[in-house]
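Let's take a friendly walk through this structure, from the interface between its chains to the packing of its helices.

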Amino acid sequence: MTQLGLNIPTLIVYVVNFSILLGVLYFFAYKPLLRAMDQRSERISESLAAADRARDEAANSQAAIAEQLNEARREGQRLLDQAREVAERYREEEMVRARSEAESFVERARTDIQRERDAALDEVRVSFGDLAITAAERVIRRSVDRQAHQELIAQVLEESGDSLRRGS
Amino acid sequence: MAGVLTKKLLLIVGLVMVALLIVGLVRGAIGSAILGSEPLIPRPEIHLPPQPVFPASSRELHLGLTPASGESASEADPHAVAPTDEHGDAAASDDAEGQEEAHSTPLGINEFAITNTMLSAWFATIVIILFFVLGAGKKSLVPGRFQSVIESIFEAIINFSSGVLGHDMARKAFPIVATIFFFVLFNAWLGLLPVYQFLGFVGADDNLIKVHLLRPAGTDLNMPLALALVSFVFVEVWGFKAHGFGYLAKFFPFASIIKKGPFQGLIDVFVGLLEFISELIRMVSFTFRLFGNMTAGEILVVMITFLVPLVATNFVYGLELLVGLIQSVIFAGLTLVFLSVAVSHEEH
């Protein structure tokens, strides 16, 4: 075997050499580098997950915003409708009230007129009596007969009626 | 325009390569043998055991260098000698061969000396450490280019191990598997650097390099054996961790004699014995697979350089790059496979 070069001290030197190499590489290359690689892959998967999450969140919030916008639009529409309705109702109410007021005005005017007319008629009737008496006096003074008397009354009545009709 | 230029350039490079190949064929050992001239590269010496470099006395003792004539020159500084400078004739190389018989006595089994393979293993270790510690130095969350390269190598190893062991186990086994992989790979690839060929100590009697300062560590039997031992210990420790002392029942299933009756039980015991032997033999196969491949590669490079110098070696270098990668993958991969066998919860 020595012809092939087998030599125990050399063997030991190689084993030691290899062990030192293993140790140095382990502590100065493998461990830090593998840790860095692990950290990086962790970091990458984390950031991928974060990106996914962010995208989901963005989509969610977009949907929420759209929903809110729709909601607001509907609310606005509803308010507008309501306002319009209220305005309509108010207008109708006002109209009804105005009409009834106007009617009541007309009614009152009419009753006033009626009352005035009645009062005027009464007045006319009173003055008519006076007229009749005056006419009678005249008749008496002229001492006319019965028939002339009658004619005179009719004449007066007719005159007064005409004047009354004109006057009213 | 650029396309035409590239084509022209390729043509010129190709022609130069062919010319160099022809020169190599003619001036190399093959052509020289036919033409009867002296080869460009002197005949290389192949040493199976690694050569001691330090201390100098050990180096000289094992190479038969006489201290009186060559010590001061060769010991003071490792000469960088280009092989082309050499002038030795056939007789000289015959002499070298003759001397080789005498002085290639390897180190005794308990003798200690710093060998050239050890030096190159240390060199490779330093390069690996520099490479990875620099690469992992900043450990930033956003990696730079260099860090990305190293991380993708790590990732590839972890993915490869995950296929065999499952993810969690692969993460735990990663340090040792990766270190085996890098150690084998860097030793194999760095060994292809020309530095390994032209740095060395010249002999006393001629100008030939007798002892290389560096030699790929894989060509030293002790290096694959050390890795095999580490791998073995690692696998067995994990086996015990996974099964407790029940792990031993895989190799010594004496309980099944009682459980399954004497006949089936004895078969189980025999199978267990085979398992035990194969567990040990693995170390041998691990060792000699890597040792054989690395040594063959080294010899192939040296021999092709000797036979057809200049360009022909480039193809061998390409091959050796591939072999180095394959061997490191195999060493790490087999460790993984044995590990998965050791920790798997099969019922016997």
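## How the two chains meet

Buried area is the accessible area (1.4 Å probe) that two parts lose on being put together, summed over both. In this predicted model, chain B and chain A bury about 3900 Å² between them, with 75% of that on carbon and sulfur atoms. Contact, meaning heavy atoms within 4.5 Å, links 52 residues of chain B with 33 residues of chain A.

Local features need pLDDT of at least 70, side-chain atom pairs count only at pLDDT 80 or more, totals for chains, interfaces and linings use all residues, and side-chain values use heavy atoms, leaving out hydrogens and water.

## Salt bridges and the chain B side

Two salt bridges (a side-chain nitrogen of Lys or Arg within 4 Å of a carboxyl oxygen of Asp or Glu) are counted between chain B and chain A. One of them joins Arg171(B) to Asp38(A), whose closest N and O atoms are 2.7 Å apart.

On chain B, α6 (116-136), α7 (145-165), α8 (167-190), α10 (222-243) and α12 (262-307) each supply at least two residues of the side that touches chain A. Helices here are DSSP runs (H or I, at least four residues), numbered from the N terminus. The largest share of that side, 10 residues, comes from α6(B).

## Two packed helices in chain B

How do α10(B) and α12(B) pack? Their axes, which are lines fitted to C-alpha atoms over the stretch in contact, lie 8 Å apart at an angle of about 145° (on a scale from 0 to 180 degrees between N-to-C directions). Residues making the contact include Leu225(B) and Phe232(B) of α10(B), along with Met283(B) and Phe286(B) of α12(B).

## A salt bridge within chain A

Glu94(A) and Arg97(A) also form a salt bridge, at 3.2 Å from N to O. These residues are separated by about one helical turn because they are three residues apart in helix α1 (residues 8-142) of chain A. Over all chains, the whole structure holds 12 salt bridges.

Notes. Residues numbered from 1 in each chain as written. Chains lettered and ligands numbered in written order.
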